[in-house]
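Open the structure in your viewer and keep the sequence panel beside it. This tour tells you what to select at each stop.

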Amino acid sequence: MKAFQFSAGTLPLLISIPHAGTALTPEVKAGLSDAARGLPDTDWHLAQLYDFVQPLGASVLTGNYSRFVIDLNRPADDRPLYATATTGLYPETLFDGTPIFKPGMTPTADQRRDYLATLWQPYHDKLQQELARLKQQHGYALLFDAHSIASVIPRLFDGRLPDLNLGTNNGNSSTPAIDAALIHCFSAQSRFSWVDNGRFKGGYITRAYGKPEQQQFAVQLELAQCNYMDEQPPFAWRGERAAALQPLLQQLIMTLLEQGAIAAD
């Protein structure tokens with residue numbers, strides 16, 4: 001299977017979905033622990049949740065392989081992004097700390113180097129190529145990195161995660177005006193809780209490709225999964241919940257487009 005799926009759009013906007021993939025290499029599939037076989041920690045159903053972005057004209061880049069093979073939102077040198085508990089480029093534990101692999105069944109160093117070359121690198125090459133194309137065509141580029149996670153994971157954060165978690169690397173990947181406009185979308189409604197640059201400030205993709213000084217603006221949105229799906233296996237899609245959330249997501253995307261054009265003017 002290819003490392004990613006991609007569709008080119010007409011807007012100066014790229015939607016990146018690095019963690020929705022479920023494909024496994026043979027050695028990872030054979031080595032998974034019982035707890036990991038159902039692929040928890042996947043960003044389930046995000047292509048469906050954001051199915052409105054392609055008709056709008058956004059480009060969409062989606063990773064095909066599970067983060068249990070390699071995490072596309074971590075740096076190639078596996079440098080930690082957070083001082084608190086997290087997972088790395090080659091995760092070995094689930095978010096709750098449970099081992100991903102059976103004893104002695106972790107992929108070898110050579111196999112993991114192959115994942116880096118054949119899965120991680122092509123995704124990032126395509127991401128960079130598309131941002132360059134958008135900048136050449138429009139004069140600027142917007143990157144929206146889409147994520148989701150279970151709403152309660154004690155090992156990672158206390159209590160229940162807010163519904164909407166905006167990350168701009170503490171403002172460094174975007175502009176104050178873009179950040180303020182997106183926050184206004186959150187604060188103008190009362191159904192969903194939210195936080196700006198809280199536990200999730202933006203992973204490697206947001207931090208590496210958000211370069212406002214180069215007319216390249218990036219934001220990450222981490223969603224609490226309970227708002228559009230079941231958080232327990234088999235992780236079913238819940239259309240009635242998604243239907244309530246999608247108008248706000250559309251508003252965020254349209255606001256990002258509006259404010260990005262202003263920032264680049």
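How many bridges join β5 to β7, and do the strands run parallel or antiparallel? Keep that in mind as you look; remember too that this is a predicted model.

**Stop 1: β7 and its partners**

Select β7, residues 216–224. Four bridges join β5 to β7, and the two run antiparallel. Click on G167: its bridge partner in β7 is Q220.

Next, show β4, residues 141–149. Nine bridges join β4 to β7, and here the strands run parallel. Find D145, which stands opposite Q220 in β7.

Q216, A218, Q220, E222 and A224 point one way. F217, V219, L221 and L223 point the other way.

**Stop 2: β2**

Move to β2, residues 13–17. This strand pairs with β4 in the parallel sense, over four bridges. β2 also pairs with β3, residues 59–63, in the parallel sense and over four bridges.

Select I15. In β4, I15 stands opposite F144. In β3, I15 stands opposite V60.

Show the side chains of β2. L13, I15 and I17 point one way, while L14 and S16 point the other way. Five of the five residues in β2 are buried.

**Stop 3: helix α5**

Select residues 176–187, which form helix α5. This helix has twelve residues. From its first C-alpha to its last, α5 reaches 16 Å, close to the 16 Å expected at 1.5 Å a residue.

Colour the buried residues of α5: I178, D179, A181, L182, C185 and F186. Why do they line one face of the helix? Look down the axis of α5: its buried residues fall within an arc of 165°, so they line one face. An α-helix has 3.6 residues a turn, so residues three or four places apart point the same way.

**Stop 4: aromatic rings**

The structure holds eight aromatic pairs. Select F157 and F200. Their ring centres are 6.2 Å apart and their planes lie at 75°; angles over 60 degrees count as edge-to-face, so this pair is edge-to-face.

F157 is buried, with a relative accessible area of 8%. F200 is buried as well, at 7%.

R199 lies over the face of F200, at 4.9 Å from the ring centre. Then select Y50, F52 and F144, which ring pairs link into a cluster.

**Stop 5: A36**

End at A36, in the loop between α1 (26–31) and α2 (46–49). Is A36 buried or exposed? A36 is buried, with a relative accessible area of 0%. Leaving aside neighbours within four places in sequence, A36 is in contact with F68, L94 and I100. Finally, draw a line between the C-alpha atoms of A36 and M1. They are 35 residues apart along the chain and separated by 21 Å.

Technical notes: Residues are numbered from 1 along each chain as its sequence is written. This is a predicted model: local features need pLDDT of at least 70, side-chain atom pairs count only at pLDDT 80 or more; totals for chains, interfaces and linings use all residues. Side-chain values use heavy atoms; hydrogens and water are left out. The expected span of a helix is 1.5 Å times one less than its number of residues. Buried means under 20% relative accessible area, exposed over 50%, partly exposed in between (1.4 Å probe, protein chains only). The arc is that of the directions from the helix axis to the C-beta atoms. Contact means heavy atoms within 4.5 Å. Rings of Phe, Tyr and Trp (its six-membered ring) pair if their centres lie within 6.5 Å; planes under 30 degrees apart count as stacked, over 60 as edge-to-face and the rest as tilted. A charge sits over a ring if NZ of Lys or CZ of Arg is within 6 Å of the ring centre and within 35 degrees of the ring normal. Two strands pair if DSSP finds at least two bridges between them.
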